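Student: Please take a close look at one part of this model, the interface between chains. I would like the details with their cut-offs, and then an account of what lies behind that part.

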Amino acid sequence: MRLHIHRWLGAGLAATLAVSLAACAGSDRGNESSGSSTAAAGSDASSAGSAAGGPSDPNGQIVFGAAGAPSMFDPMYATDGETFRVVRQMNEGLTGFKPGTADVEPALAKSWEKSSDGLTWTFTLQDGVKFHDGTPFDAAAVCYNLDRMYAQTGAGITQGQYWSDNMGGFKGQKDAKGKPVPSLYGSCKASDAGAAAITLTRVTSKFPALLGLPSFSMQSPTALKQYDANNVKAEGDSFIYPAYATDHPTGTGPFKFQAYDKANNTVTLVRNDDYWGEKAKSKTLIFKIIPDETARKQELEAGTIDGYDLPNPADWDGLKSSGFNLEIRPAFNILYLGFTLKNPDLQDLRVRQAIAYALNRPQLVSSQLPEGAVVASLFYPDTVTPYTQGVQAYDYNVQKAKDLLAAAGKSNLTLNFWWPTDVTRPYMPDPKSIFTAFKSDLQAAGITIKETSKPWNGGYLDGVEAQQADIFLLGWTGDYNTPDNFLGSFFSDTTNRFATSNVPWGTKLSGELQTADSTVDDTQRNALYDTINKELLADYLPGVPISSSSPALVLASNVQGMVASPLTDEKFAPVYKN
Amino acid sequence: MATTYTRARKQRIDALVSSGDEGSSLLQDAWTRLKGSPLFWVGAVIIGVFLVLAIIAPWIAPHDPGAQLLIGQTSRARNAIAPAQEGFPLGGDTQGRDLLSRLMVGARQTLLVGIFATLIGLIGGLILGLLAGAFGGWVDTLIMRIVDVMLSIPSLLLAISIGVLFSNPNLTSVIIAVGVPQIPVFARLLRGQLLAQRESDHVLAARALGVKQGTIVFRHMLPNSVSPVIVQATLVVATSILDAAALSYLGLGSQDVSQPEWGQMLGEAQGSIDSHPQLAFWPAGAIIIVVLGFTLLGESLREAIDPKNRR
Amino acid sequence: MLRYTVRRLLQLVLVLLVLSLLLFVWLRSLPGGPVTALLGERATPAKRAELTAVLGLDQPIFVQYFKFLARMLRGDFGQSTGVSAGTPALDVFFTRFGATIELAVGAMIFGLVLGIPLGYMAAKRRAGALDNSLIVVSLVGIAVPVFFLAFLMKYLFAVKWGMLPPSGRQTPGIDATRVTGLFIVDGLITREWDASWDSVKHLILPWIALGTIPFAVIFRITRASVLEVQGEDFVRTAEAKGLTRTTIRNRHVLRNAMLPVITVTGLLSGLLLTGAVLTEKVFAYPGLGEALYIGFTKKDYPVVQVIILAAAAAFVIINTLVDLTYALVDPRIRAR
């Protein structure tokens, strides 16, 4: 009889291994309050009893499908939408935006005043606000935050994009030629604990709206100091973020940071029970990261997530008929066909106007763009004020296009048309169909089209910026409600992708935009923008505005309380499930 | 009388010789086995139909595969496509083109992708394998380490990065992207074959007789290595078609809409699979059948050629 | 024996060095890059130049490579920029490694559990209806594009019939304790059975989808190898001796037929990683395959480099182990 020793040895070894592993690992559950399992009547009985808009269970959980992982949690260094979505729930700024609109409303500041010269803004702060770590929010904290943003150095400067784009330079920053980079920010004074005065270096229309951007959120000075928040390092070809940004973000918002589980790709936030305003209606907010769009849709259909952002327009009807809530946001973006004015053919205004007449924009909008999209007549959507009426229109007219080309002597025009693959943007859900439609429109006007398609981050953006295209498709989603956010971003700097430095009016346009932005009086400023818009469409035409689209948000039918925002500034605090 | 007897006897002997087991050649043996294998016939018929379709498709396709004839009934944003109707038995696709014509003409492009990608792998592998197998020594080690490195990078990634290098992804870039990762496969195969051959009797005999190295390689070793390479090539055609489809799924396939290809059609249809499943099922079905055909052919060839099956 | 092993290990180091250089240069020659990924539409030439300078991407490529090599020798493979921004790339690798191991091992087991017995049965009834139909089934398994199969299964079982979860690794909010990074194992050793079972539910569909690849290969290899061994003289001798069919099968045929299966296991690791890229994308499963795909599209070089180098090292190590096992098992090679 064989003893089969090797079999016994093997079994014994396996058993020992299993026992020892089991001994050294115990369950960590039950140490923290379990929030997700069946909840009895919560201690917060008041919210359970609140009238029409109240959840039956105050300890509910919302799971939202995110398209990508947040890069870290310090809003100052954030640049992408997915990071903003998460940090917006935990942070607030001095101003905010009325839910569902791009209009400014008070947030951490209950009111403000500007001085007669327009340079100093005094903000009166809310009372009784505390940061998540318990430290008080006061004027000293406001000034600490702003000074901290201004004093960024090295890698922090390159990561502080929204500061660069809006305020300009940082403390002591010099450009390539050694000249100091001008900054809008002057100083901040905390005259008393309840009021902070911010002084700018010149007048701007960006204030106070820009303080509502998540990048300008107020964070706890104690935590910022304790966890070394400014210690961003560039190493190799990536950045290392400090402990503050990765593990200890501390704001004032209705949700607090709990954990970022990288193994399971989820970010968990919990309700801030000491919030100064109306407390969040759900206890736990989980962002589940699902990079594939179809997978997000299927998770919603299977019921494992409660909603996600930017559903493919082709799916809208299907989702609606399956009973989901499709929240369509008011359009706050613009899609345009840009001209690279380096090309001498395009420097003739008649050629550009011919192209504008050749494009059948209404048909594109009705057949290829989602419901709610409109043809654009300006370089920004109609949700931005002032929306100038009576600018030159370019109604679809192929014959006119041909005539203009003939008059310019360019009937045999050839253009290199660039379009991006492998991307959807809120203003451009399907670049390929837009390209195909325009290509045939332009060919019908006698223009020969050479096409170049590259992945969005595989040469498209680089090439367009390096002015390698002749005509290209691009757009912009607005940050806040001023024309400057659109037109300034496009045309202020003459080394822009339209190459406006190659035409005589390039510098003039840049100067006009600067002047308009620096005008103190609102009426005067609006008049200046009206003039600029008229010139842009009639005399300059650096591109053809195409459309504004309404990106949407989709939620399960039992999710209540969500208000869709044109700025993608959706707050989850009022959201709960029935 | 002696002549008749001799002639009759001679005829009888001839008859015996020609009817019996006179030691048929390897190829004849293989053919006999193949003829009896149902898998071979299924595979051969599928490939045959596919080849014929690929050749005559442009003439028998009812419409131009690139023409957006049904665009009026199509709306990308509203997710409407043209249904099956008179003259368009399978309906339209998301850009208003006739699905049936695209399927038929797609056979040609798909076949081209499969064949040319395999050729790239074959020729590249041939060069590397020959160098390694024929010379041996440090040349062999160097080449085999290069091959190892190429094999260790997942072929799809190699394909993706090659695909990304092209500014205008089209069928040529797909062919190169899918073909290059096949080079190490053939190189290794060929080298193995050549190594085995080197020690075999007929090569030793040739060398002893003083035949030149080059002649030995090309006239003696290569022809005997051919059969496994043929088998592998048929299988590689199949996997090339699949890899091209995978590239399209990942968004790196051909963007050229006028030349349809089944993998490209499948990749485009992924997004609308629950509303318009036919857009995905038709090209998927076509790919599956053709890949199956090539694989059946390859497998039955492999069985038939294997000399161990002589028993 | 020892010399052989040492030689192979040295070759491994050389291969990895060369591979790391090739990868480094090649990735950075691709259009696009982390600068574009970070800036997007907000890019301006000034910002781009600034960011490029800060990241050191404007220096000559060999300078960049040597800096990278110096850091690599210290164990620092850089920070992820796209997959999990700000996390060390090596951490990203280890976190996701557990996920892909659970997926790949399960798929491999699926392939072995189905492939070996079916291969054996097909070989026993060679050229019969069973054999032919099994061959076709396994070949159809390869012929169906893996992403299509994965998609179909997900659509049917997860969305339409709601039997299994459609994607991810574990239901959020389940509050599981993490010990090894392998969710199933973690649940077992901390006695959180629901966490383990939840992870298994998430893996059933990916296992089957990815498992068709090793199944097809193992089935065919087993069948071919059993056929070959069956014809050998020693089997005929065993039959003549009057041994039972089970004994012959277990003690003689299978043991000898398994050698090629072992060899092919090494090759399969490469195929599995390729299949994992597609499967993980369809199932939004946070493993190495998904990281590779996201890394490639978001130009997250550090993560892509780490994963490919690790895959290469694993491939070479596995194949060296396979060769060693062969040498141990096959006395003819040992004698050399």
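Tutor: Chain C and chain A bury about 5600 Å² between them, with carbon and sulfur atoms giving 50% of that area; buried area here is the accessible area (1.4 Å probe) that two parts lose on being put together, summed over both. Of the area that chain C buries against chain A, 15% is supplied by Glu41(C), Arg42(C) and Pro172(C), more than by any other three residues. This is a predicted model, in which local features need pLDDT of at least 70 and side-chain atom pairs count only at pLDDT 80 or more, while totals for chains, interfaces and linings use all residues. Residues are numbered from 1 along each chain as its sequence is written, chains are lettered from A and ligands numbered from 1 in the order in which they are written, and side-chain values use heavy atoms, with hydrogens and water left out.

Chain C brings 71 residues to the contact and chain A brings 66, where contact means heavy atoms within 4.5 Å. Seven salt bridges cross the interface of chain C and chain A, by a rule that asks for a side-chain nitrogen of Lys or Arg within 4 Å of a carboxyl oxygen of Asp or Glu. One of them joins the side chains of Lys47(C) and Asp165(A), at 2.5 Å from N to O. Helix 3 (residues 45-54) of chain C gives six residues, the largest share, to the side of chain C that touches chain A. Helices (H or I, at least four residues) and strands (E, at least two) are DSSP runs, numbered from the N terminus.

Next, the partner chain. Chain A has 18 helices and 23 strands. Its radius of gyration is 27 Å, close to the 25 Å of the globule rule for 578 residues, so chain A is as compact as a globular protein of that length; the radius is taken over C-alpha atoms, and the rule is 2.2 Å times the number of residues to the power 0.38. In chain A, 57% of the 578 residues are buried, with buried meaning under 20% relative accessible area, exposed over 50%, and partly exposed in between (1.4 Å probe, protein chains only).

Helix 11 (residues 349-358) of chain A has eight of its ten residues buried, so it is largely enclosed by the rest of the structure. The buried residues of helix 11 pack against several elements of chain A, including strand 15 (333-339), helix 14 (431-444) and helix 18 (522-540). Asp348(A) caps the N-terminal end of helix 11, placing a side-chain oxygen 2.9 Å from the backbone nitrogen of Arg350(A).

Gln89(A), in helix 3 (residues 81-90) of chain A, is buried at a relative accessible area of 1%. The Gln89(A) side chain reaches the backbone oxygen of Arg85(A) at 3.1 Å, and a polar atom of that side chain lies 3.0 Å from the backbone oxygen of Glu570(A).

Backbone geometry remains. Phe207(A) and Pro208(A) are joined by a cis peptide bond with omega about -10°, and the bond from Thr385(A) to Pro386(A) is cis with omega near 0°.

Methods. A polar contact is a pair of N or O atoms within 3.5 Å; within protein, one must be able to donate a hydrogen and the other to accept it, and residues adjacent in sequence count only if both atoms are side-chain atoms.
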